[in-house]
Amino acid sequence: MMAPTDADIEKLEKQAEKIRETIISMLVAAGSGHTAGPLDMADIFTAFYFHILSHDPKRPDWPERDRLILSNGHICPLLYATLAHAGYFPVEECLTLRKFGSRLQGHPERLRLPGLETTSGPLGSGLSQAAGIAYSYRMDGKKPHIYCAMSDGEQEEGNTWEAAMFAGKNKLHNLTAVMDRNNIQIDGMTEDVMPLEPLADKYRAFNWHVLEVNGNDIRAFIAAVEEAKAIYEKPTLIIAHTIAGKGVPEIESDYHWHGKPPTKEEGERFLKTIRTMGGKISHEYS
Amino acid sequence: MFNENAKLSEKVFADNIPQAPTRDGFGKGSVEAGEADARVVVLCADLKESTRAEQFEKRFPERFIEMGVAEQNMATVAAGMANAGKIPFITSYAAFSPGRNYEQIRTTIALNNVPVKICGMHAGVSVGPDGATHQMLEDIGMMRMLPGMTVIVPADAEEARKAVVAAAKTDGPLYIRFGRVATPVFTTTETPFEIGKALTLWSSESPKVAILATGSLSYTALISAKNLSEKGIETTILHVPTIKPLDTEAILSVAKRTGRVITIEEHQSAGGFGSAIAEFLAQNFPVQMRILGVEDKFGQSGTPEELLAHYGLDAKHIEEAVRKLLN
């Protein structure tokens with residue numbers, strides 16, 4: 001992975017906006033689904049699939065690929081949109097999200113769509129699957145790096161901490177977890193529903209290397225991943241502080257947008273917001 | 001009389017028939033499977049002695065993974081390992097795996113369709129003194145309802161060994177149920193075993209009742225058949241180690257021959273082995289039927305013999321059920 005140039009960053013940021021647009025369109029077409037998480041993690045998923053991961057959309061089963069395990073499957077509109085823009089399947093297919101017969105199930109099913117690494121939705125079981133893959137790869141001397149994208153809400157699941165303990169015990173340095181610290185969950189703000197802090201201290205106590213970054217800053221995130229890969233004695237957690245619903249100011253940081261889609265009218269308004277960079281430019285780019 | 005093709009032990013009705021718990025078969029079988037295929041790994045949740053996983057650990061320390069007391073993590077780490085090309089066997093007591101980690105098994109193993117082999121030890125009331133918390137009686141039902149899950153309940157330690165070896169060669173998710181207490185080893189290395197096949201243990205010229213049994217109660221059924229035969233009541237015993245997929249041909253055949261079916265299992269009578277047989281026969285060849293199992297109750301402490309008798313899972317109760325069905 002090369003350090004990104006300014007031009008690379010600009011390109012990635014534009015790509016992330018395209019992905020956000022697709023997410024809005026898919027959610028409007030589906031009429032249900034999650035909005036906030038997919039939008040706020042769009043910068044990170046763009047960084048993964050357009051810069052960090054060694055992968056090949058033409059060969060989804062390529063054994064040498066790095067693997068990104070999505071633990072909080074409900075942000076799959078983002079994963080689908082990113083995979084489509086990366087070339088795994090046609091972008092138009094994104095509009096079949098949650099429809100009968102679609103490969104884009106409401107929560108991701110590994111065997112239905114190329115590019116999906118696991119089946120997920122029920123929270124708290126992605127980190128342990130990622131740890132299982134990382135453990136196996138290390139047993140076999142395989143080089144690819146394993147990433148796990150997870151939510152902050154699912155830190156309330158016991159299975160998450162069992163996995164953290166296992167990865168810490170086994171010093172799985174080929175595992176990097178990324179937590180979407182957007183502070184919201186369905187019933188409210190995480191610290192009201194069930195306080196999670198101090199998250200960094202907790203993971204450090206479980207023998208993890210912990211980094212904290214602005215999850216909407218692509219350059220900072222890539223730098224954090226580079227550091228994670230350089231840590232040899234421990235797995236690394238990157239706590240990515242994101243703004244829930246990032247990119248659409250009128251819904252940003254509002255937990256009510258965790259689990260609902262925009263209406264058609266809202267969708268049109270959100271798209272306009274994204275295309276005018278939040279009103280900073282007068283003409284919508286295409 | 002015995003089905004000669006079953007190649008049962010010569011000591012089958014002898015007082016000195018060797019006894020061993022079916023979990024011993026896991027110990028031996030897992031080592032054999034590990035020797036045959038380097039992808040086999042065994043995960044353990046702090047119970048390596050009682051699950052016999054330590055035999056695999058001794059032979060393949062680098063392929064043995066101690067998870068600590070964390071069954072949900074064991075299931076999901078195994079799902080990841082299977083995803084990465086391994087054939088993981090996960091081992092614990094059935095009350096905890098699949099008891100505690102059912103959702104993880106459902107989503108990350110069954111729906112994800114990866115070849116994790118779930119080994120549930122200490123199933124049934126014959127666990128004995130540990131009491132109800134550790135006597136799993138709902139696992140067959142939980143596991144057989146999952147799409148794509150194979151479910152096996154071996155009759156003795158030898159068949160358990162064969163089942164473990166066979167399990168490692170299958171592509172999908174699979175559950176094997178084991179017991180704690182030593183039970184007669186009445187099958188031999190020559191006894192046929194194939195996933196999905198039932199085995200006639202006992203037959204006669206004109207049996208009046210078919211007894212379908214699974215697990216170590218197949219031996220109990222055999223004792224009943226002998227006792228009944230001595231009193232002029234002829235039966236046939238079909239041992240059904242694979243509860244899913246069922247050997248429908250063999251089941252249909254004995255149902256047609258006898259018109260009366262009794263099932264017996266160390267499990268809730270609702271949702272388990274008998275239910276699987278009833279679901280099949282009710283839709284294909286309805287016959288008079290009795291399901292012997294634990295009747296909507298939890299277990300309790302006691303000796304295995306006391307408990308099996310208390311819950312109606314001994315030879316005496318099978319024989320009573322046969323007589324009632326004939327009246």
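Helix α6 (residues 158–169) of chain A packs on helix α4 (residues 71–83) of chain B at an angle of about 70°, with the axes 9 Å apart. That makes α6(A) roughly perpendicular to α4(B), a label for angles of 65 to 115 degrees. Axes are lines fitted to C-alpha atoms over the stretch in contact, and angles run from 0 to 180 degrees between N-to-C directions. Helices are DSSP runs (H or I, at least four residues) and strands are runs of E (at least two), numbered from the N terminus.

This is a predicted model: local features need pLDDT of at least 70, side-chain atom pairs count only at pLDDT 80 or more, and totals for chains, interfaces and linings use all residues. Residues are numbered from 1 along each chain as its sequence is written, and chains are lettered from A and ligands numbered from 1 in the order in which they are written.

In chain A, α5(A) and α6(A) also pack. Their angle is roughly 25°, and they are therefore roughly parallel to each other (angles under 35 degrees). The table sets out both pairs.

| Helix pair | Angle | Axis distance |
|---|---|---|
| α6(A) and α4(B) | about 70° | 9 Å |
| α5(A) and α6(A) | roughly 25° | within 8 Å |

Which residues join α6(A) to α4(B)? G158(A), N159(A), E162(A), A163(A) and F166(A) meet Q72(B), N73(B), T76(B) and V77(B). Contact means C-beta atoms, placed from the backbone, within 7 Å. On the α5(A) side, L127(A), S128(A) and A131(A) meet residues of α6(A), including N159(A), E162(A), A163(A) and F166(A).

The contact between the chains takes 22 residues from chain A and 21 residues from chain B. α5 (126–139) and α6 of chain A each supply at least two residues of the chain A side. α5(A) gives the most, with nine residues.

Chain B is divided into domain 1 (4–16 + 192–326) and domain 2 (19–184); the bounds come from an automatic or database domain assignment. Their C-alpha centres lie 24 Å apart. In the contact, 30 residues of domain 1 meet 33 residues of domain 2.

The largest nonpolar core has 189 residues, and A131(A), C148(A), L43(B), A78(B) and I211(B) have the most contacts inside it. This core draws at least three residues from each domain of chain B. Such a core is a set of buried Ala, Val, Leu, Ile, Met, Phe, Trp, Tyr and Cys residues joined through C-beta atoms within 7 Å; buried means 20 or more other C-beta atoms within 10 Å of the residue's own. L43(B) touches I65(B), M67(B) and M74(B), among others.

Conventions:
Buried ≥ 20, exposed ≤ 12 C-beta atoms within 10 Å, placed from the backbone. Contact = placed C-beta atoms within 7 Å. Parallel < 35°, antiparallel > 145°, perpendicular 65-115°, else oblique. Lists of a residue's contacts leave out its neighbours within four places in sequence.
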